[in-house]
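Student: I have a structure open and want to learn how to read its features. Can you take me through them?

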Amino acid sequence: MKIKNKLFILTLIFGSFAYQSCDVEPEIYSEIIPEEFFKSPEQFASAASAAYLPLRRTQDRVHPVSDVVTDIATVAVRSNNGWDDGGLWPRLMSHDFQPSEFYSNNVWSLSAEGTSVCNRLIEIFTEQAGADSPAVLELRALRAHYIYLALSYYGNIPVELRFADADPAPPQVSPQEAWNILEAELLASIDGLSEERSSFTYGKVNKWVGYTILANLYLNSERITGIPKWQEAADAANMVINSGAYSLEGGYFANFRTQNESSSENIFVIPYERGFLNGFNVRHTALHQSADATFGMSDTPWGGFAIQEDFYNAFEDEDKRKGMFLTGQQYTIEAGPNWTNDNGFGYANPDPAFELTDCVEDFDNYLSGGFEDQLVGGCNIFITTDYNEIDNRYPYRHGARYAKFELALNETGDISNDFPIYRYAGVLLMRAEALWRLDNGSTEALALVNMTRARAGLDALGALTEDDLYWEIKKELALENHGRATTIRFGHWEDDWFLKGIGNQKGQPSVNFNEEFRRYYPIPTGALQANPSLQQNPGY
């Protein structure tokens, strides 16, 4: 798929946004009325695209409360007290979740915004085209995605499927009731969704997206409701697999290049495009400050998100997916930083003449405290995979950095890589997990796991243990926002890991992170104030 096709989708999105929101020429609204506008599939698609706009906030709102709070990634307080923010990040890392802090509102607001837009458009489309029209069914499935986000992160949520007659203070329903509503919505929608996979449907919900959302709902049923739905998860995933619409890419990193629109694994993506649909700002949040010189950026990254040492060490040396990490000696742009589809990030010409040196970052931050003798490596920018605590802080150079998504050179800020909410490898592993839970000797589950391992350059497993399955899912889908759900599903959410169990980074009090109520986030303070029908989740 060429870049122009992604821009076609973005044109629909922004055309719809203008139609819904522009107030420069108010009299235009009296000229474009529903009875005259909704005459063709293209017009419905243009208007429906407004319901996809909230997805652009997925990376900045979901990632900090998903992979970053697991054994995959972390945020450490750095040498200049950066990423302390009054103890906010240390509290988040130690699972001391607070309803008044921004991250508690992250997914709640994303879900509420997306659901509300879907509700509004569903009522308009129903009046114009009927309740069973493809445009309405597409939005019902998309709405299920938004509501599932809230259910997954908060458990006890209000579910309002109306717009004009919506309850201004809808009450919460139990996780089981919300789960039942989502299952019913998806089952009522899927058969009427398009099977097409083309530039026109790229980034939008089709039948296979619907089945993938349903498979994920079933996969997490036991986590959310206490009732397992493994066979249903396996069957829904199989509908996507047997569709023939998707396949594994030959190289793992083909899925994460700047122009990854043609990936055969893309099932449901956010079609980010720098300057058109922004929101994917991994350059600033997850790169070391020196990366401006490496990638030709005009400003300095913030050096925040980094990889857990134990997660990095869990990768075998032969695992090509290890190319998603930026570690070791860093170089200027003259060294040729680049990505390959097979091996990910590397330098084409790592000549010593291009080594990065910078005595300001870390060194100057520690000099006044007399810690310079602990700063191993002189002035070279050498990013380590471990973390060495110095005076309750950690040097910025400690912790592998994100390099999974290609970074176009000589650009700053948002990247143009489409982000996979769901991709084909994930569906293969959904079916593998569901089959394994039904029968831990399943040969098909083993074969599916060996497919992703083979692509990564690893030998086939002869048998599949729970740990094998857990780590394969975590490695294959790392930094794609599946970490939290996977960690809970496999019973590891209450485990200890770096910056979690200590709970006292920068003097913060410890919390009992083993308490199971922390599997859900607290209902945000703002939501409680706005809706008197809501009650805080137990434990908070």
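**Salt bridges first**

Tutor: Arg-140 and Glu-185 are joined by a salt bridge between their side chains (2.9 Å, N to O). Arg-140 is in helix 7 (residues 134–154) and Glu-185 in helix 8 (residues 175–190), so the bridge links distant parts of the chain, 45 residues apart. This is a predicted model: local features need pLDDT of at least 70, side-chain atom pairs count only at pLDDT 80 or more, and totals for chains, interfaces and linings use all residues. Residues are numbered from 1 along each chain as its sequence is written, and side-chain values use heavy atoms, with hydrogens and water left out.

Student: What counts as a salt bridge, and how are helices and strands assigned?

Tutor: Side chains of opposite charge can pair when their charged atoms come close. The cut-off is a side-chain nitrogen of Lys or Arg within 4 Å of a carboxyl oxygen of Asp or Glu. Helices (H or I, at least four residues) and strands (E, at least two) are DSSP runs, numbered from the N terminus. The structure holds 30 salt bridges.

Student: Are Arg-140 and Glu-185 buried or exposed?

Tutor: Buried means under 20% relative accessible area, exposed over 50%, and partly exposed in between (1.4 Å probe, protein chains only). Arg-140 counts as buried because its relative accessibility is 18%. Glu-185 is buried too, with a relative accessible area of 11%.

Student: Which residue forms a salt bridge with Arg-423?

Tutor: Glu-265 does, at 2.9 Å, N to O. Arg-423 lies in strand 12 (residues 419–423) and Glu-265 in the loop between helix 11 and strand 4 (266–270), so the pair ties together parts 158 residues apart in sequence. Arg-423 is buried at a relative accessible area of 3%. Glu-265 is buried at 0%.

Student: And which partner does Arg-455 have?

Tutor: Arg-455 bridges to Glu-476, with the closest N and O atoms 3.0 Å apart. This pair links distant parts of the chain: Arg-455 sits in helix 17 (residues 443–455), Glu-476 in helix 18 (residues 466–476), 21 residues apart. Arg-455 counts as buried at 9% relative accessibility. Glu-476 is buried, with a relative accessible area of 0%. Salt bridges that share partners join these residues into one network: Glu-265, Asp-319, Arg-321, Lys-404, Arg-423, Arg-455, Glu-472, Glu-476 and Glu-480.

Student: How do I check the length of helix 17?

Tutor: Compare its ends with an expected span, which is 1.5 Å times one less than the number of residues. Helix 17 has 13 residues, so it should span 18 Å; its end C-alpha atoms are 19 Å apart, which agrees.

Student: What covers the buried residues of helix 17?

Tutor: Contact means heavy atoms within 4.5 Å. The cover includes strand 12, helix 16 (424–438) and helix 18. Among the buried residues of helix 17 are Leu-446, Leu-448, Val-449 and Arg-453.

Student: What happens just after helix 17?

Tutor: Gly-457 takes a positive phi of about 85° there.

Student: Now the rings. How many aromatic pairs are there?

Tutor: Rings of Phe, Tyr and Trp (its six-membered ring) pair if their centres lie within 6.5 Å. Planes under 30 degrees apart count as stacked, over 60 as edge-to-face, and the rest as tilted. By this rule there are 37 aromatic pairs. One of them is Tyr-331 with Tyr-347, edge-to-face at 4.9 Å centre to centre and 70° between the planes. Tyr-331 is in the loop between strand 7 (328–329) and strand 8 (337–340), and Tyr-347 is in strand 9 (residues 344–347), 16 residues apart. Both Tyr-331 and Tyr-347 are buried.

Student: Why is the pair of Phe-517 and Tyr-540 edge-to-face?

Tutor: Their ring centres are 5.0 Å apart and their planes stand at 90°, so the pair is edge-to-face. Phe-517 counts as partly exposed at 23% relative accessibility. Tyr-540 is partly exposed at 27%.

Student: Where does the charged end of Arg-437 sit?

Tutor: A charge sits over a ring if NZ of Lys or CZ of Arg is within 6 Å of the ring centre and within 35 degrees of the ring normal. The charged end of Arg-437 sits over the ring of Phe-490, 4.5 Å from its centre. Lys-474 has its charged end over the ring of Trp-471, 5.9 Å from the centre.
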